[in-house]
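The sequence and the model come first.

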Amino acid sequence: MENRADYEAWADLLKALAHPLRLQIMHSLLRDGCHNVSCIERRTGVSQSSISQHLQKLRAAGLVVSERSGNEVYYRPAARPAVEWLMAVLMDEEVERHDP
């Protein structure tokens, strides 16, 4: 029998990703690397306050990590199996869209 706690942990991660903007933020971070909120704002067209709220949820789920540099906070994907899985899913979809 599989461990129910494993399924609950995966469900929590999926809940953290269950918003189009959070998926877009993760996709951008996975594709382009480390970003600050201003950079994410330019890429998404969404307000800094909204992005910050979504980044907080991603951080709480352990999907992104942050690092302060002066006045800026930079975000990058966490090194976790769940993030690797997400990268495979998002990048595979991107490759399929560009195939002739």
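The text below goes from the basis of the model to its helices, core, sheet and single residues.

The model is predicted: local features need pLDDT of at least 70 and side-chain atom pairs count only at pLDDT 80 or more, while totals for chains, interfaces and linings use all residues. Residues are numbered from 1 along each chain as its sequence is written, and side-chain values use heavy atoms, with hydrogens and water left out.

**Helix packing**

Helices (H or I, at least four residues) and strands (E, at least two) are DSSP runs, numbered from the N terminus. Helix 2 (residues 20-32) packs against helix 4 (residues 48-60) at an angle of about 80°, and their axes lie 10 Å apart. Helix 2 is therefore roughly perpendicular to helix 4; that term covers angles of 65 to 115 degrees. Axes are lines fitted to C-alpha atoms, for helices over the stretch in contact, and angles run from 0 to 180 degrees between N-to-C directions.

Contact means heavy atoms within 4.5 Å. On the helix 2 side, Leu 21, Arg 22, Ile 25 and Met 26 take part; helix 4 contributes Ser 50, Ile 51, His 54, Leu 55, Lys 57 and Leu 58.

**Core**

A nonpolar core is a set of buried Ala, Val, Leu, Ile, Met, Phe, Trp, Tyr and Cys residues joined through side-chain atoms within 4.5 Å. The largest one has 23 residues, of which Ile 25, Met 26, Leu 55, Leu 58, Leu 63 and Tyr 75 touch the most other members. Helix 2 gives the most to this core, with five residues. Not counting residues up to four places away in sequence, Met 26 touches Leu 17, Leu 58, Leu 63, Val 64, Val 83 and Leu 86.

**Sheet**

Two strands pair if DSSP finds at least two bridges between them. Three strands form an open antiparallel sheet in the order 1-3-2. Strand 1 (35-36) and strand 2 (64-69) are the edge strands, each pairing on one side only. Strand 2 is joined to strand 3 by six bridges, and Glu 67 has Tyr 74 in strand 3 as its bridge partner.

**Two residues**

Buried means under 20% relative accessible area, exposed over 50% and partly exposed in between (1.4 Å probe, protein chains only).

| Residue | Relative accessibility | Class |
|---|---|---|
| His 35 | 5% | buried |
| Ser 52 | 36% | partly exposed |

His 35 belongs to strand 1. Leaving aside neighbours within four places in sequence, His 35 contacts Ser 28, Leu 29, Ile 40, Arg 43, Val 73, Tyr 74 and Tyr 75. Ser 52 sits in helix 4. The C-alpha atoms of Ser 52 and Glu 41 are separated by 9.7 Å.

How values were computed
Parallel < 35°, antiparallel > 145°, perpendicular 65-115°, else oblique.
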